Amino acid sequence: MSATARKTAPLPDDIRAMKRGTPIVSLTAYTTPMAQMMDAHCDFVLVGDSVGMVLHGLSSTLGVTMDMMVMHGQAVARGLSSAMMVIDMPFGSYEEGPEQAFRNAARLMAETGAGAVKLEGGVAMAGTIAFLVARGIPVMAHVGLTPQSINTLGGYKVQGRGDAGATLKADAKAVAEAGAFAVVLEKVPESLANAITGAIGIPTIGIGASAGCDGQILVVDDMLGLFTAFKAKFVKRYAELGKDAETAIAAYAEDVRARRFPGPEHVFGDGVARTKP
Ligand code: KIV
């Protein structure tokens, strides 16, 4: 079913059932107004830990906290009614072990109303994913370029080229077997993304992967041109809102300095009725 025809948000199993069907549409969101704008168009909306970089000026996602995710998750939830909300588990909130992951995933779901959590990692996280799923927490996995691991990956490089492709495929298979209902494939060669999509039984959600994935996701501030610190090759800019906003702000500043704003239509009279001469 298309997102526009749907009245209620899909469940993780509905997203899983979209494997090999109409591509799954998703974007990140961090605020209520942005969530409202995408609600009718997306199958799921991700409250990504990219919030740290695009809204809070952090240089990576590593400084994002549980409290930040809860606050942005609550804001996004207020703007959604027909798209499912997935929320990222921030760095340090799940890697210690399944119990820590359960405690924090349960808090994210209980305090934000998210339908699922997303966490980064493949084979190494399979046990944790199985533990969460067995206890009622739907999990979206994330393999390939996993931004929370940039310090061990050596930067934001394409993942899975050459021999590393087999390891990445094993990661995707492990999370699918552990019970994840979908997996994000970030910044991997197109041929590998296609091979993984054909090899596993859950939807692949590509970002810098392939049009052959079962769905796509982008960071909303990237595709709207609001985040301009850098642009990854895989981002398509659908608007230049950042430039438009700066032009508008400069025009406002000029108007204020020239006393052109506020104009007569923006100010209040003293309430005394004027008699016509
Ligand atoms: O945090 C995020 O925005 C993400 C997407 C890039 C998939 O994880």
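This report describes the annotated sites of a predicted model and its ring interactions.

Residues are numbered from 1 along each chain as its sequence is written. In this predicted model, local features need pLDDT of at least 70 and side-chain atom pairs count only at pLDDT 80 or more, while totals for chains, interfaces and linings use all residues, and side-chain values use heavy atoms, without hydrogens and water.

**Binding site**

The UniProt record, an unreviewed entry, gives Asp49, Ser50, Asp88 and Lys118 as "binding site". These residues are spread over 70 residues of sequence but cluster in space, with a largest C-alpha distance of 12.5 Å. Asp49, Ser50, Asp88 and Lys118 are included in the lining of the largest pocket. UniProt positions follow the numbering used here, with shortened feature names, and annotations may be inferred rather than shown by experiment.

Aspartate 49 lies in the loop between strand 2 (44-47) and helix 3 (51-54), whereas aspartate 88 belongs to strand 3 (residues 84-88). Helices (H or I, at least four residues) and strands (E, at least two) are DSSP runs, numbered from the N terminus. The side chain of aspartate 88 reaches the backbone nitrogen of aspartate 49 at 2.8 Å. Leaving aside neighbours within four places in sequence, aspartate 49 has contacts that include Thr61, Met69, Asp88 and Glu120. With residues up to four places away not counted, aspartate 88 touches Asp49 and Lys118, among others. Contact means heavy atoms within 4.5 Å.

**Active site**

UniProt lists Glu186 under "active site", also from an unreviewed entry. Glutamate 186 is placed in strand 6 (residues 182-186). The side chains of glutamate 186 and histidine 142 are joined by a polar contact of 2.9 Å (a pair of N or O atoms within 3.5 Å; within protein, one must be able to donate a hydrogen and the other to accept it, and residues adjacent in sequence count only if both atoms are side-chain atoms).

**Accessibility**

Buried means under 20% relative accessible area, exposed over 50%, and partly exposed in between (1.4 Å probe, protein chains only).

| Residue | Relative accessible area | Class |
|---|---|---|
| Aspartate 49 | 4% | buried |
| Aspartate 88 | 2% | buried |
| Glutamate 186 | 10% | buried |
| Phenylalanine 227 | 12% | buried |
| Phenylalanine 230 | 47% | partly exposed |

**Aromatic rings**

The whole structure holds 2 aromatic pairs. One of them is edge-to-face, between phenylalanine 227 and phenylalanine 230, at 5.6 Å centre to centre and 85° between the planes. Rings of Phe, Tyr and Trp (its six-membered ring) pair if their centres lie within 6.5 Å; planes under 30 degrees apart count as stacked, over 60 as edge-to-face and the rest as tilted.

Key: 1 Å grid on protein atoms, 1.4 Å probe; cavity = no way out; pocket = protein on both sides within 12 Å on 5 of 7 lines; lining within 4 Å.
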